Amino acid sequence: MNDVYELYAIKYGETENRPMSENYIGGDPHDTSQNLAYFIWVATNNERTFVIDTGFNYEVAAARGRKLDRLPREGLDLIGIDAGKVEQVIITHLHYDHAGTFTDFGNARLHLQDSEMAMATGRCMCHAPLRLPYHVDDVCEMVRKVYAEQVDFHNGDQEIAPGISLHLCAGHAAGLQSVRVKTRRGWVMVASDATHLYMNFKDKKPFPIMVNMAEMMESWGKLIRLGDSIDHVVPGHDPKVLEYYPAADPKLEGIVARLDVAPKVSIA
Ligand SMILES: [Zn+2]
């Protein structure tokens, strides 16, 4: 039984000219831009492959003014993974930039928290600010996947395979789950949007989009406890991930980073 995984971050898009003040509650004294990168992640070994999140497509990128470099399934092609053959997909939460192209993974089981599905289909969606990060077509498609019995619901923390567990890290979204992955350098936390950027959790500066700030701040502590060190926590949208970690291949510099080897830079 192999419980140790190779772990990759694959960048599929980015924001352009995003003011740094939009990334921190209360703004930021640095009057500059700080763009977000959009990632999916993959944990894989000779027995199992888990894709973590499924990004968005060109239509949604245009509607939201985002730059899409490639479809998530095209990013997977770069490391030899065929989306149509993937059997396990973890959806960290249902925001448009995490749950957008899962219909490209037709054979996969989808792992989702109960509380996230409840929020995306319930009364909170009557309020525009809470609804904004969700794309109704994704949510409707997820309902179809429920009816097709392709969704595995989880309620809190859950091991789903040897060396892979889900951890409810709510706050940014009601049912945000981070993923703990056993790698050759130890336990790595794929935080997703439990922390968008290194500064959010390291300097305790909350990202402005949230449903519960208290829960979000508690989740930062959980990330640090569950990873082997602060350098084992991988934020959901920080372009620095691609600088800190080595490329999976020289040709994939700036696109695919290996998270199962130590970063070149410590944030400690
Ligand atoms: Zn996000």
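Me: Which residues does P208 touch, not counting residues up to four places away in sequence?
Reply: Happy to start here, keeping in mind that this is a predicted model. P208 is found in the loop between α6 and α7. Once residues up to four places away in sequence are set aside, the residues it touches are E22 and I25.

Me: How far apart in space are P208 and E22, C-alpha to C-alpha?
Reply: Along the chain, P208 and E22 are 186 residues apart. In space, going from C-alpha to C-alpha, the distance is 7.1 Å.

Me: Is P208 buried, partly exposed or exposed?
Reply: Let's count neighbours: a residue is buried with 20 or more other C-beta atoms within 10 Å, and exposed with 12 or fewer. P208 has 13 C-beta neighbours inside 10 Å, so P208 counts as partly exposed.

Me: What span should helix α7 have, at 1.5 Å a residue?
Reply: Helix α7 covers residues 213-226, which is 14 residues. The expected span is 1.5 Å times one less than the number of residues.

Me: Within what arc do the buried residues of α7 fall, seen down its axis?
Reply: The buried residues of α7 are M216, S219, W220 and L223. They line one face of the helix, because seen down the axis they fall within an arc of 110°.

Me: Which residues of α7 are exposed on the other side?
Reply: The buried residues of α7 have a cover that includes β10, β11, α6 and β12. Turn to the other side of α7, and the exposed residues there are A214, G221 and R225.

Me: At about what angle does α7 run to β11?
Reply: The helix α7 lies across β9, β10, β11 and β12. Relative to β11, α7 runs at about 155°.

Me: Which strands stand at the edges of the open sheet?
Reply: The sheet has 5 strands in the order β8-β9-β10-β11-β12, with mixed pairing. An edge strand has a single partner, so one side of it is left without a neighbour in the sheet. That describes β8 and β12.

Me: Which residues have the most contacts inside the largest nonpolar core?
Reply: This core has 64 residues. Its largest share, 7 residues, comes from strand β2. The residues with the most contacts inside the core are Y8 and I52.

Notes:
Residues are numbered from 1 along each chain as its sequence is written. This is a predicted model: local features need pLDDT of at least 70, side-chain atom pairs count only at pLDDT 80 or more; totals for chains, interfaces and linings use all residues. A nonpolar core is a set of buried Ala, Val, Leu, Ile, Met, Phe, Trp, Tyr and Cys residues joined through C-beta atoms within 7 Å. Helices (H or I, at least four residues) and strands (E, at least two) are DSSP runs, numbered from the N terminus. The arc is that of the directions from the helix axis to the C-beta atoms. Two residues are in contact if their C-beta atoms, placed from the backbone, lie within 7 Å. Two strands pair if DSSP finds at least two bridges between them. Axes are lines fitted to C-alpha atoms, for helices over the stretch in contact, and angles run from 0 to 180 degrees between N-to-C directions.
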